[in-house]
Amino acid sequence: MTATHRDPERIRSKLCRVLQFYWPDIVDRRFGGYIAQLDERDGHVYDGRSKHLVATCRAIHNFSIGVAIDGPTYCRAAAEHGLHFLRHVQWDADNEGYDWLLSGRETTDDTRHCYGHAFAVLATARATEIGLPDADAELERALGVLNGRFFEPEYGLYADVATGDWSEYRPYRGQNANMHACEAMLAAYEATGDEAHLDRAATVARSLVRDRTDEAGRVWEHYTPEWEPDLGYNRNEPDHLFRPWGYQPGHHAEWAKLLCHLADHRDDDWLVSRAMELFDTAIEIGWDDDHDGFHYTVDRSGEPVVADKYGWALAEGIGAAARLAVHDETYLEWYDHLQRCATDHVVNPRFGNWYERLDSDWSRDGPNHGTAVEPGYHPVANHYAAMNVFEQHGDLR
C-alpha cells in the first residue's frame, strides 16, 4: 500500500482520473468557459449557467497541470478555452477587475474579491508555465489588480472585498484570501522568475502565520481592518462556505505546505520549523481519533464546532505531509495514513473524483452536489505536489 501511495506514476494516474471526471462536460460550448457544477456522485450537470470566478480559475489551473505532467491530450485545449473566457468575458474592462459571478455570459455579481483575483494569478501563472498564448499578458494584468488594488503595505497583507467600481472596501480582512494570495505569488515567481513575487509571498506568510498567531501558535481566520483578530465574526454562521467561525485545521495544514514550498526557494530559517508546527497543530486540534479525518472547524479549546469532513482538508494534509517528509521522514507516516483515509472515504470509487463534504462519520447527510467552486482543484494541486516530491526524492518511496 505504501509503495502505491508514493509511486509518482500511480499519483499521476490519480490526478488524471480527477481531470477525466470533469472532461468533457466541464467545457461549455454554448456560453464559453466552464460548467463546474457536476454532481460529485454521478457527474450529471446540475447547473449549466453559473460561472464562478474561482471555478474558472481553478479549472484553468487543473488543465494546465494536466499539460505539465503530459496528461490527457485534451488538457491544453481545455485550458485555452477557460483562459479565453477569463480574459474576454469574466474581465470587466470598464472597471478593470474580474467579475465574481456570471449567468451564462451576463454578470450577476461584480464584487471584487481578493480571493478570486488570487486564483486568477494562480491560473494565469500555471498557463504561462505551459506556454498558452497570451497567458503571460493576462498574468501581468491579474498581478496588477491583486497587488495594485488589494495589497496593504503597512500590514504586509491584502484587503478582502471591494465594490465593482472599487469605490468602497469592506472592513473585513481574512486569512483565507491571503493564504491563496501567497500561493498565487509563489506560482507567479515560478512562472516568471521575478524575485519580487517571491518576496511578496514571503511577506504575506511572515505577516500572517508568524507574526499574527495566537498564544498557542494557531492561525485565526477573521480580522478587523487593522488586522486584529475578530473573534466574533460569523459566530452565528459556523458553516459558512468561505468564512466559517473558528480555527480550520485544514488551513493549518495548507499553510504548512505553502511554507515548505517557500523553503524550496528561500533559506529563511523559520519556514520549515513553522511548517512543522502548523501541521502538528492541525493534527492536535483537528484530527478525529474516532473516525479519522479533520474536523472542519474547532473552537479555542479544540472542541469541534463543525465536525463535518471535507475532502479538501485531507488533500491539503497529503500535500503538506509529502513536502514535510523532505525535511523529516517521520511525516511519511501521516502521508500514508491520509492517503488511505482519502481512498477509504472521499475518493469516488467509480470515477476517481473527490467528494466535497461528508458527515462527521463519513456518511452522506444529503444530496451534496459539491460546491460550485471546486472542480477538483485541491486533489489535483496536492497530487501534483506529492508527485513532484517523490519524483525528486526517490529515497522517500
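Core and helix contacts

Q: Leaving aside neighbours within four places in sequence, which residues is Leu314 in contact with?
A: Contact means heavy atoms within 4.5 Å. Neighbours of Leu314 within four places in sequence are left aside. The partners of Leu314 are then Trp287, Gly293, Phe294, Leu338, Cys341, Ala342, Val346, Trp354 and Trp362.

Q: What is the basis of the values and the numbering?
A: This is a predicted model, in which local features need pLDDT of at least 70 and side-chain atom pairs count only at pLDDT 80 or more, while totals for chains, interfaces and linings use all residues. Side-chain values use heavy atoms, with hydrogens and water left out, and residues are numbered from 1 along each chain as its sequence is written.

Q: Which residues touch the most other members of the largest nonpolar core?
A: A nonpolar core is a set of buried Ala, Val, Leu, Ile, Met, Phe, Trp, Tyr and Cys residues joined through side-chain atoms within 4.5 Å. Buried means under 20% relative accessible area, with a 1.4 Å probe and protein chains only. The largest such core has 132 residues, and those touching the most other members are Phe63, Trp255, Leu259, Leu262, Phe279 and Leu314.

Q: How are α5 and α7 oriented to each other?
A: Helices are DSSP runs (H or I, at least four residues), numbered from the N terminus. The axes of α5 (residues 114–129) and α7 (residues 175–192) come within 8 Å and cross at roughly 20 degrees. Axes are lines fitted to C-alpha atoms over the stretch in contact, with angles from 0 to 180 degrees between N-to-C directions. Angles under 35 degrees count as roughly parallel, so α5 and α7 are roughly parallel.

Q: Is Ala188 buried or exposed?
A: Ala188 is placed in helix α7. Not counting residues up to four places away in sequence, Ala188 touches Val121, Ala125, Leu139, Leu143, Gly193 and His197. With a relative accessible area of 0%, Ala188 is buried.

Q: How far apart in space are Ala188 and Thr124, C-alpha to C-alpha?
A: In sequence, Ala188 and Thr124 are 64 residues apart. In space, their C-alpha to C-alpha separation is 8.3 Å.

Q: Which residues in α11 do Ala275, Met276 and Phe279 in α10 meet?
A: The axes of α10 (residues 271–286) and α11 (residues 311–325) come within 11 Å and cross at roughly 140 degrees. Ala275, Met276 and Phe279 in α10 meet Gly317, Ala320, Ala321 and Leu324.

Key:
Buried < 20%, exposed > 50% of the residue type's maximum accessible area, 1.4 Å probe, protein only. Helix = DSSP H or I, 4+ residues; strand = E, 2+ residues; numbered from the N terminus. Parallel < 35°, antiparallel > 145°, perpendicular 65-115°, else oblique.
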